[in-house]
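My entries follow the structure.

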Amino acid sequence: MDIKKLISRMTLEEKAGLCSGADFWHTKAVERLGIPATMVSDGPHGLRKQDEEGDHLGINDSIKAVCFPAASATAASFDKNLLCRMGEAVGDSCQHEKLSVVLGPAVNIKRSPLCGRNFEYFSEDPYLAGKLSAAFIHGVQSRNVGTSIKHFAANSQEHRRMSSSADVDERTLREIYLPAFETAVKEEQPWTVMCSYNRINGVYASENPWLLTEVLRDEWGFEGYVMSDWGAVSNRVAGVAAGLDLEMPSSGGINDRKIVKAVQSGELDEKVLDRAVERILNIVFRYTENAKPDTLWDKEAQHLLAAEIAGDCMVLLKNEDSVLPLHKEDEIAFIGEFAEKPRFQGGGSSHINCFRTTSALEAAEGLHITYAQGYSTKTDSATEEQIAEAVAAAKKAKVAVVFAGLPDVYESEGYDRSHMRMPECQNRLIEAVAEANPNTVVVLHNGSPVEMPWIGKVKAVLEAYLGGQAVGIATVRVLFGEVNPSGRLPETFPKKLSDNPSYLFYGGEGDTAEYREGIFVGYRYYDRKEAEVLFPFGYGLSYTSFEYSNLRLSAESITDQETLTAAVTVKNTGSRAGKAVVQLYVGDEESTVFRPVRELKGFEKVELQPGEAKDVCFTLDKRAFAYWNTQIHDWHVETGSFTVEIGHSSRDITLQAKVNVQSTVELPRHYTMDSIFMDLMADPRAKTALKPLLDGLRAVFAPAPAEETTEAASEAISDEMSLAMLNYMPLRGVISFGGDEKAEMMVQQILDELNKA
Ligand code: BGC
């Protein structure tokens with residue numbers, strides 16, 4: 001298809017029209033030119049294809065589909081292959097349902113436990129979110145349907161989501177809020193990107209040329225089209241100019257007419273419009289030319305895949321006295337409404353109309369289970385009778401398993417949580433059950449961390465997150481040891497909300513949300529603060545044990561243009577088969593900028609039989625050592641020693657090695673009379689040039705020889721102190737403290753010389 005030629009045959013009105021949706025879910029057709037309409041659909045963890053009346057909040061019914069675990073859960077798998085397989089399954093269902101693009105993955109950073117959409121997001125860590133979303137995109141797009149990575153960018157709160165400005169400094173954007181998108185774009189070229197509702201530093205994402213063109217296309221090389229989040233457009237003409245190609249859903253033609261007018265008046269170059277049309281048509285035809293509506297959508301098989309995926313996402317947080325796995329012959333009490341009606345997905349646009357759900361109670365059929373409802377999510381309360389029934393069931397059982405977590409209204413798209421607590425009735429129930437039976441296990445269904453006031457009273461906790469429609473099967477498999485839990489927390493669980501670094505300013509004031517904690521998000525903050533947490537990033541137990549040994553680096557020293565290989569041996573030292581998640585962190589030992597203690601730069605999931613050992617290899621390039629330098633507006637490595645750590649979590653590092661990394665980039669330097677000696681002396685050239693001056697100044701500050709000094713005077717200022725004071729003295733001090741015009745001229749000459757190079 002010669003798309004450029006096709007565009008040359010389109011009228012201005014047709015071109016402008018193509019840049020917005022025909023309805024809620026379709027791009028426009030131009031029949032006279034053979035341009036077909038294409039359909040998009042939410043996503044991301046299954047299809048929410050609306051046949052009839054559309055809406056963007058999951059209110060009206062959609063087709064029956066398969067609900068896979070939400071991103072909060074799949075992130076805990078730390079498993080790229082798994083995400084890829086899930087993507088392939090979603091891709092197949094898109095082909096079957098004639099969908100050109102699935103709206104996801106959603107990769108916004110979990111900045112605070114309060115964000116209402118945390119359940120849809122992967123992690124507090126951009127590396128993890130980037131790699132897992134790239135794997136999902138790879139899977140979907142291998143089926144010749146597109147993805148729409150969202151919400152670009154810095155959309156980490158629901159509060160005032162359509163008007164609020166995320167005010168984030170340059171380094172924080174580059175290091176925390178953009179890299180997940182960057183990784184996905186550079187590695188997998190998602191067919192489309194969805195811009196977010198919010199503003200970034202005052203400018204709506206939907207009309208932000210820096211974001212949509214400079215960064216996304218010029219720097220990262222994005223080739224697809226950008227669509228707006230549903231209703232995210234404020235100034236449509238500015239949007240086209242900034243790089244927003246498709247407005248969704250549509251503005252009833254109003255914005256199309258504005259585009260036409262802007263072209264006619266010369267405000268908008270027609271070539272810019274043509275470019276947007278070309279990007280949209282590229283994808284429209286890419287899909288239609290590869291459409292395979294006869295692709296089989298085997299929902300039964302996908303239900304089983306959803307169960308398998310959910311099993312690999314569950315995080316075992318506590319397992320005292322190895323109370324888990326349970327034994328099939330034992331009497332077990334399943335307590336709590338979620339055992340019968342699990343919460344396995346969140347509310348809003350990602351809400352899927354499941355063709356089937358399997359609860360833990362159904363999945364455990366045939367085992368010796370007694371069930372007590374314990375609480376009602378409808379009324380968010382527990383009656384005395386419900387608690388008494390639960391306690392009685394717990395007393396009779398060998399082990400009591402309480403299914404708890406957050407009911408739907410507690411977390412959803414559209415609004416944030418106001419606290420991190422679980423429902424009071426559920427906390428009460430857990431306490432009562434734990435009192436009745438010392439072997440109490442809690443299974444949690446939630447999309448984001450919760451406080452656990454009862455943690456010391458229960459023996460085990462299994463974090464199931466929002467595990468999709470087959471979560472019950474997975475839960476029973478993990479509880480009874482058919483699946484060995486291998487999930488790891490993709491986020492820190494703080495002890496309480498106020499420990500979270502964004503706590504003081506999350507949500508913002510009015511429409512200004514300042515991201516004041518900067519790069520110190522999640523474990524980057526807790527580790528630097530040496531703060532106690534409930535469960536750290538990367539943490540999770542297994543029914544077996546793993547040992548890491550023999551960390552080998554390919555070099556002791558590299559330049560920032562070279563790569564480093566780190567190899568480690570991982571061994572299953574327990575008696576069950578299981579999956580280890582080997583995590584690699586990098587830390588800069590000494591740095592002139594504030595940096596986290598460690599940052600995740602590699603992870604691999606490895607399956608091992610008892611006694612089996614395998615080598616795991618990581619490759620680290622410049623980015624693994626770099627920070628974003630705001631002077632050169634680029635990634636920069638400071639020459640020096642870095643630690644490479646291998647751990648079970650960010651708080652359980654078992655191996656460490658060091659590598660020296662040499663920067664090949666010299667940062668530009670410019671000195672003035674206000675430059676201070678400390679900075680000048682750190683530069684060998686400046687140090688030599690300034691030596692004579694420094695000696696003179698030192699005489700002014702250094703204490704007089706001992707015999708001339710009174711005791712009081714020598715106590716007042718030591719040699720060390722005077723030198724330290726000199727550190728912060730600006731160059732102009734040479735003049736302030738006894739200099740003359742000659743000295744000033746001399747300093748100026750030195751400055752000119754230094755600044756020339
Ligand atoms: C959400 C998007 C979603 C879109 C379409 C919006 O409200 O923010 O994530 O894809 O609706 O349903």
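**Helix α14**

I took buried as under 20% relative accessible area, exposed as over 50% and partly exposed as in between (1.4 Å probe, protein chains only). The model is predicted: local features need pLDDT of at least 70, side-chain atom pairs count only at pLDDT 80 or more, and totals for chains, interfaces and linings use all residues. Residues are numbered from 1 along each chain as its sequence is written, and side-chain values use heavy atoms, with hydrogens and water left out.

I then listed the buried residues of α14: Gln 386, Ile 387, Ala 390, Val 391, Ala 393 and Ala 394. Seen down the axis of α14, they fall within an arc of 165 degrees, so they line one face of the helix. The arc is that of the directions from the helix axis to the C-beta atoms. Among the elements covering these residues I noted β10 (332-335), β11 (369-372), β12 (399-405) and α15 (424-436), where contact means heavy atoms within 4.5 Å. Helices (H or I, at least four residues) and strands (E, at least two) are DSSP runs, numbered from the N terminus.

**The sheet**

I found an open sheet of 5 strands in the order β1-β2-β3-β5-β8, with parallel pairing; two strands pair if DSSP finds at least two bridges between them. Its edge strands, β1 (40-41) and β8 (225-228), each pair on one side only. I recorded 2 bridges joining β1 to the parallel strand β2 (residues 101-102). Val 40 has Val 101 of β2 as its bridge partner.
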